[in-house]
Amino acid sequence: MNDALVDRISGGLGMLLAGSYIVSAQGIEDSLLADGVGASGVPMGVGIVLLLASFFLFVKSLKNKAAMDKSPHSGETEGPAAMGSKHPHAMALGLLLILAVYVFLLPLLGYVLSVGILVGAVAWFAGARAYTSLLMCSVLAGPVLWLVFDWALEIRLPVGLWPMWLGK
Amino acid sequence: MDSFLMAMSNLASGWIVLSAFAGVLWGIFGGALPGISPSIAMALLLPFTVGMDATNALVLLASVYVGAEYGGSIPAILIRTPGTNSASATVIDGYEMAKQGRAGEALGISLMSGLVGGLFGLAVLVLCTESLAKVALAFTPAAYFSLGILGLSVIAGLSSGSLARGLLAACIGLMIAFIGSDPVSGVQRFTFGSEDLLDGVKPILVMVGLFAVTEMLVQIGEPPWANGGNASTKLKLPNWAMTKRLFKPQAIGAVIGTVEGVTPGAGGTIAAFMAYSEAKRWSKHPEEFGKGSPEGVAAPESANNVVTATALVPLLSLGIPGSNSAAILLGGFLIHGLQPGPMLFQKAPEVVYGLYGGLFIANIAMLLIGLVILSPCMWLVNRPKPYLIAFILALVMSGVFAIHQSIFECGLVLGIGVLGYVLRLLRIPVLPLVLGLVLGYLVESNYRRSLLISGGEHSIFVTDSVSAALLSLAVLLSLYTAWKEFTEKQEAKS
């Protein structure tokens with residue numbers, strides 16, 4: 001993405017965010033203990049600064065676009081991309097979905113099993129195809145991290161619904 | 001002298017020694033992993049510090065910073081991949097030395113220069129922080145407000161060339177800071193009816209999401225890290241002749257690192273590159289730079305390790321985090337109910353002096369651990385990327401859950417990770433956001449308290465002498481940044 005497009009998207013999203021934030025700030029009820037500024041005063045000010053900064057970015061992007069359109073080099077690409085995934089955003093989305101599934105499974109399956117699934121799924125998704133190593137990492141990750149957190153640091157981790165399922 | 005003796009007395013504490021060694025060890029591992037910055041390495045440990053004694057917790061976090069800044073130079077030298085941003089300048093001559101079969105020598109120079117820089121920075125920290133804090137003891141709410149504004153004024157310097165983008169990020173940080181109870185009246189704001197947001201969003205969650213989760217979302221689509229192959233990891237410390245030769249570049253690095261570290265927002269990366277450039281300018285052998293010059297390794301490594309201590313000067317004395325890592329350390333202070341700034345030296349002097357003593361041990365630990373840890377570090381750095389990402393994420397998500405045993409917070413961190421990813425796509429700098437987040441409460445609460453004291457008169461901010469001085473400094477800093485940016489643009493045009 002060129003600078004003008006990035007600025008336009010940033011400015012547009014910023015203005016949208018600022019608008020909804022200002023509306024939301026106006027809806028804050030003031031308490032009887034409120035001072036002259038009130039609970040909504042400073043947030044309103046921040047919303048206005050955001051609106052101005054976003055508007056500036058948006059206008060700047062329009063000026064830059066006009067300049068780029070006139071430039072004889074405006075059609076040039078930025079050069080070859082690094083040899084990573086062809087779809088980095090899709091990969092990021094996929095990773096995010098795996099993490100979301102982990103958050104969903106954590107209270108159901110408990111920590112050890114969920115972390116094992118997380119490690120195995122993420123490593124596989126990131127390209128690990130040595131299935132013996134993958135299996136070993138998945139099986140060992142949960143107990144090892146459980147030992148670190150629960151046993152060594154005494155932080156209680158979720159056991160899931162296993163006690164209920166096993167009738168305990 | 002008293003502070004020095006008090007700092008030294010902390011050396012006898014076994015827990016502080018343990019925290020310093022553990023922190024440095026973790027920091028070196030974290031710093032040696034490409035994609036894991038010192039702040040991420042610190043953020044990963046932040047949840048574990050919740051139940052710890054405040055001094056031990058802060059020594060642990062500061063030691064991670066010390067270790068990570070050194071650790072970043074290991075992959076920079078061996079596989080041309082800087083483990084941290086500030087190790088980027090070390091790549092130039094460090095990797096050239098490695099290619100010539102002098103990797104052990106380069107690693108030795110990096111280790112000793114890091115030690116020299118770290119100890120010099122610590123001396124500056126011990127000597128300057130307390131005096132700055134004494135000056136600041138007369139702070140009123142108006143002065144604290146102006147201090148917050150001074151902190152926010154460095155946004156321009158952190159905005160990567162676009163003040164509007166920096167302001168946008170800072171506003172998002174302030175918006176996150178305003179979630180939860182209003183500091184004066186207690187009215188709930190921006191909680192969307194969620195009980196989980198009544199206490200606001202903890203800075204630690206934002207930092208872990210913005211740094212660690214975002215980095216992994218980016219890394220999953222990037223190419224595999226380069227393999228170090230058969231690079232030698234046998235360490236060779238500089239002999240006396242080399243030590244004498246390295247004195248000048250190390251001194252240059254120390255001076256530049258001090259100036260950059262004390263200035264909020266400057267940071268180790270700029271210091272390292274400036275030190276490299278100046279060391280070349282003042283060297284008797286400038287022609288060797290870029291072809292495996294030992295001085296080209298010593299100057300940036302000295303500079304970025306000085307910054308690990310001097311970046312704490314504005315944090316401890318004024319409560320302003322001048323870097324990502326200092327912001328994480330600020331999070332460590334806040335977790336333990338401590339507010340860095342002028343009153344810290346009165347309210348919790350044992351924590352401050354404990355931190356000084358801990359930093360001294362951390363630098364010694366860096367030397368000792370550095371001597372034995374290189375091979376395991378290399379082994380880790382060369383692990384396949386898929387497993388590395390998987391274990392980092394497992395550790396991050398486990399750490400987040402460990403804070404409050406909250407599933408909601410795990411989801412929140414993922415959401416913040418997505419926010420960080422979008423900000424990176426839009427090239428919006430993250431540091432102003434962190435600055436807004438950590439300064440939001442300070443600015444708003446003291447602004448409103450000042451107005452309550454003055455009966456609504458805004459003139460209190462200029463009639464209070466400390467407040468007026470800080471506001472003037474904020475204006476001057478902003479004008480200087482604007483002038484610098486303008487002249488640089490003019491030079492680029494010409």
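A crossing of two helices is left-handed if the near helix is turned anticlockwise from the far one by less than a right angle, and right-handed if clockwise. Hold on to that for the helix pair below.

First, some housekeeping. This is a predicted model, where local features need pLDDT of at least 70 and side-chain atom pairs count only at pLDDT 80 or more, while totals for chains, interfaces and linings use all residues. Residues are numbered from 1 along each chain as its sequence is written, and chains are lettered from A and ligands numbered from 1 in the order in which they are written.

**A helix pair in chain B**

Helices here are DSSP runs (H or I, at least four residues), as are strands (E, at least two), numbered from the N terminus. H11(B) and H16(B), the latter spanning residues 324–335, pack at an angle of about 150° with their axes 10 Å apart. Those axes are lines fitted to C-alpha atoms over the stretch in contact, with angles running from 0 to 180 degrees between N-to-C directions. The two helices are therefore roughly antiparallel (angles over 145 degrees count as such). The crossing of H11(B) and H16(B) is left-handed. On the H11(B) side, Pro203(B), Ile204(B) and Met207(B) make the contact; H16(B) brings Ala327(B), Ile328(B), Gly331(B) and Leu334(B). Contact means C-beta atoms, placed from the backbone, within 7 Å. By class, that's 6 nonpolar, 1 polar and no charged residues, where Ala, Val, Leu, Ile, Met, Phe, Trp, Tyr, Cys and Pro are nonpolar, Asp, Glu, Lys and Arg charged, and the others, Gly among them, polar.

**Where chain B meets chain A**

In this interface, 50 residues of chain B are in contact with 55 residues of chain A. Helices H10 (163–177), H11 (203–219), H19 (385–404), H20 (407–425) and H21 (431–454) of chain B each supply at least two residues of the side touching chain A. H19(B) gives the most, with 11 residues. The chain B side has 35 nonpolar, 7 polar and 8 charged residues.

Most residues other than glycine have a negative phi. These two go the other way:

Phe192(B) counts as exposed because it has 9 C-beta neighbours inside 10 Å, whereas Arg427(B), with 15, counts as partly exposed. The cut-offs are 20 or more other C-beta atoms within 10 Å for buried, 12 or fewer for exposed, and partly exposed in between, with C-beta atoms placed from the backbone.

Key: Contact = placed C-beta atoms within 7 Å. Parallel < 35°, antiparallel > 145°, perpendicular 65-115°, else oblique.
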